Amino acid sequence: MSLFVLEIGFEEMPARFLKKLEKDIAGMFSNYLKEKKVCFNNIQSYSTPRRLIVLINNIASKQETEIIEVIGPPLKIAKKEDGSLTKAGLGFIKSQGVSFEDAYEVETSKGSYLAVKKQIGGQDTIIVLQSLCPKIIENLHFPKKMRWVDNFTFGRPIRWVLALFEDKIVNFQIAGLKSSNITYGHRVMGKGPFKVEHALELSNVLENKGKIVLNFEERKKNIFHQGNLLAKQVGGEIAWKNSLLEEVCYLVEYPKPILGKFDEKFLELPEEVLLMSMESHQKSFGVKANNKLLPYFLTIINLEPEKKDIIQKGWERVLKARLEDASFFWHTDLKSSFNKWLHQLEKVTFLGPLGSMRQKATRLSMLMEYLGKKFYSQKLSELKRAGLLAKCDLVSEMVGEFADLEGIMGGIYARKMGEEPVVATAIYEHYLPKGQGNLPQSLEGALLSIADKIDTLVGCFGLNIIPTGAADPYALRRNALGIIQIVLDKQLSLSLSNLISYSYDLYGNVEFKLNKKELFDKLNDFFAQRLKYLWQEQGFKSQIVEAALGASFDNIFDTFLRLKALNEFSKQAEFETAVLTFKRVSNIIKKQAKQETFFTEIDVDLLEEPAEQRLYEKLKELETKFKQFLTSKKYKEFLNLLLELKPFVDDFFDNVMVMCENENLRKNRLTMLKSMTNTLEIVADFAALQV
C-alpha cells in the first residue's frame, strides 16, 4: 500500500473558504476513488492561506478488477445467416476491446443477443489519479471565483501543484501549470522552492525548510498557549472568541502572538466598542482581568519578527487611530438625543414602498404593545417605548462607523440617557439571534426581536420579495428561524396567524403586491419549511415532523410539545399497529368528506351492531381524559390513550360495515369516526405517517 499527496499552492485564500475546502477535497477524493474501485485507508486534508493539501494513506497501487457481462446488439442484427458477424457485431466486439472468440449468445426476456465478458479495472492508480486530480481541482466550490489562464476559475490564482504517488510525480496539467514535486514555503521565512523526493517528506519539508505549521489544530494550540502566557505577564487573560480564533488560524502559516498596549483613556468607551475595534478591524483579542478590559490587546502575525518592537508599535498605532475615531463618535452621540434620532429616522428608508424607518418604529411600538399584553403586561409602556426607539442608533455616529454594533449601541445609549432598564435591554438584544444560538436572554429582548422580524417578513412578503434558491438578500430565512428559536426558547404560546394578521394591518395604506390571504398562505408555508428544516436537523424523523405539522403549527411551541410526544410514542412497540388503525380512520373520513355530509352528532339509537356500541361507549369513557390532556398539554398521555382505544376501533372495523347501503346507518358510523378524527388530529395528522 502506498501514499499519495496533492498540494495546490495559490495566492492568499480568504480564511472563510478554507475549512470547507478541506472537507470538500477529502470528500471528493473519497467518492471518486470508491467509484474507480481504488482502495485506501483514510484521507487527511490540511490548509493554510497559501495551500490546500490532501494525503491519502495506504492507497492501493492498482484498481480492483471485476468481470462483467456486456450485452450487445440483438443476434439477428449482430450475425449473418452463415454465423459470421455483421458490421454491427464486429463494431460491438471492437468497442469492448475483446476478440471474436470471447463473444457468445445469451437469451433474455427480449430475445437472443450477442454478449461478451470482460475484465474491467486493474489500471495503475497513478494513471487513475492523472485524470482524477484536475477533475477534482476544477470542481472545488467557492463562494466567489477568479478567472485567469484560459478562463480557468478558482478561488485565487493557482501558483504551483505538487502531486506525488510515493516517489513518482502524478503528471497532469491545470491552469497552465504542470504538476511536479516542487513546493514552496513561507513567503519570508522559507520561500523555496523545495524539491520533495517522496510523498512522505512533504510535511517535514514544509515544517523544517518552509517554516509552515500545516495542521490547523497545531496553529490554534500555539496561538492559545503563547497568547495566554503573554496575557499572564500583565496580570490578565485573553478574551478569546472562538469564531475569531478559527479565522485567525486560517490567516497565518506561522502564527506568532504579540501583545500590544493602548492608552488607558480609551477604557471609558463601552467594552463592546473596544472589542469591536480590536476583533472586527484588527483581528485581535482583548485582555481582561476581573471581567474588565485591560489596556492591552493580542494580535497574531504571520512570521517570527526580527524587530518585534517596531511591529508592535505599528499595530498599536493603527488601533489607536480607530479608538480615537470611536471616542469622537461616542462623545458626539452622547450630546444627541433619542428624540433627535427619531426625527432623523424619517429620512432613512426601510425598504422602498414600505416607508421610512420612523414608520417602522411606530409599527414596532404597536407590535410590542400587542405582544406585551400577552406576555409582559406589567411593563407595557416600557415595551412600547423600546419598539419606538429600537432603530434610533442607525443614525448615530458610532453605528455609522461600526455597523455591527446596531442595537447594541442603542441599548447602551438608552442606559446612558436615562431610559428604563427594560427599554435598554430590549433594544440591546433585539437583533439576536445572529447565526447559531446567541438568543435574547431577556423577555423584553425576545419580544422586540420577534416584532422586528415579523414586521420585516410581512413587509417583504407583501411586496412578493420571497427567497428563491440560495438568494435571500434580506435574510428572511434567518428572520423566520429566529422567531421560531425565540418562541421555543421562551416557551411562548403565540398564534402565528394572529401575529401575521396584526402585523399586516399595521402597514395600513402600503400598496402590497399580495393581498392578505396570498401573503398569509405563502408566509405560513415559509414558516412550515423552516420548522421542518430545524426539527429534521435536530434528529426528528421526517414523517414524525410531517405528522406534527400536519395537525397545525399556528402555535409553534405547542407544536413542538406535540412533536416530542409523538416522537416518544413512535418508540413504543405498538406504534406501527396503532398508526395503521388510526390512519385508516383518517383516510376514510378524508375520502368520504368529499362525497357526503355527516350528522352533526352521533345518534345513539342508530348504533345497531355490538362492536359499534362498544366503540361508542369507549369513546364516551375516554372523552373527559382526552379533553383534560389536551387542555394541560399532556400529549404523551393523550397518545397513550390511543393504545387503550385501538382494540375497540379494530373490533369495529372487523365486525361493522361502515359503507353500508342504509344512508342513516352509514352517516352515523362516519359521524362517530369523524368525531374521533377531530380529536386525534388536534395532536397529529395520522395520514402523514408512513409505516
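1. Two residues are in contact when heavy atoms of theirs lie within 4.5 Å. By that criterion, and not counting residues up to four places away in sequence, His198 touches Leu164, Glu166 and Asp167. The structure discussed in this note is a predicted model.

2. His198 is found in the loop that runs between strand S14 (194–195) and helix H5 (202–209). The relative accessibility of His198 is 18%, so His198 counts as buried, the cut-off being under 20%. A polar atom of the His198 side chain lies 3.0 Å from the backbone nitrogen of Leu200.

3. Phe17 belongs to helix H1, which covers residues 15–35. With a relative accessible area of 4%, Phe17 is likewise buried. Once its neighbours within four places in sequence are left aside, Phe17 is in contact with Phe142, Pro143 and Lys144.

4. Phe17 and Glu107 are 90 residues apart in sequence, and their C-alpha atoms are 55 Å apart in space.

5. The largest pocket holds about 940 Å³ of space. It is lined by 24 residues, of which Lys241, Met276, Glu279, Ile408 and Asn438 are the closest to its centre.

6. Which helices each supply at least two residues of the lining of the largest pocket? They are helix H7 (242–249), helix H8 (271–282) and helix H15 (421–429). H8 gives the largest share of this lining, with six residues.

7. Sorted by class, the lining of the largest pocket comprises eleven charged, ten nonpolar and three polar residues.

Terms used
Residues are numbered from 1 along each chain as its sequence is written. This is a predicted model: local features need pLDDT of at least 70, side-chain atom pairs count only at pLDDT 80 or more; totals for chains, interfaces and linings use all residues. Side-chain values use heavy atoms; hydrogens and water are left out. Helices (H or I, at least four residues) and strands (E, at least two) are DSSP runs, numbered from the N terminus. Buried means under 20% relative accessible area, exposed over 50%, partly exposed in between (1.4 Å probe, protein chains only). A polar contact is a pair of N or O atoms within 3.5 Å; within protein, one must be able to donate a hydrogen and the other to accept it, and residues adjacent in sequence count only if both atoms are side-chain atoms. On a 1 Å grid over the protein atoms alone, a cavity is a set of points where a 1.4 Å probe fits but cannot get out, and a pocket is an open set with protein on both sides within 12 Å along at least five of seven lines; lining residues have an atom within 4 Å of a point. Grid points are joined across faces, edges and corners, and a volume is the space filled by probe spheres set on the points. Ala, Val, Leu, Ile, Met, Phe, Trp, Tyr, Cys and Pro count as nonpolar, Asp, Glu, Lys and Arg as charged, and the others, Gly among them, as polar.
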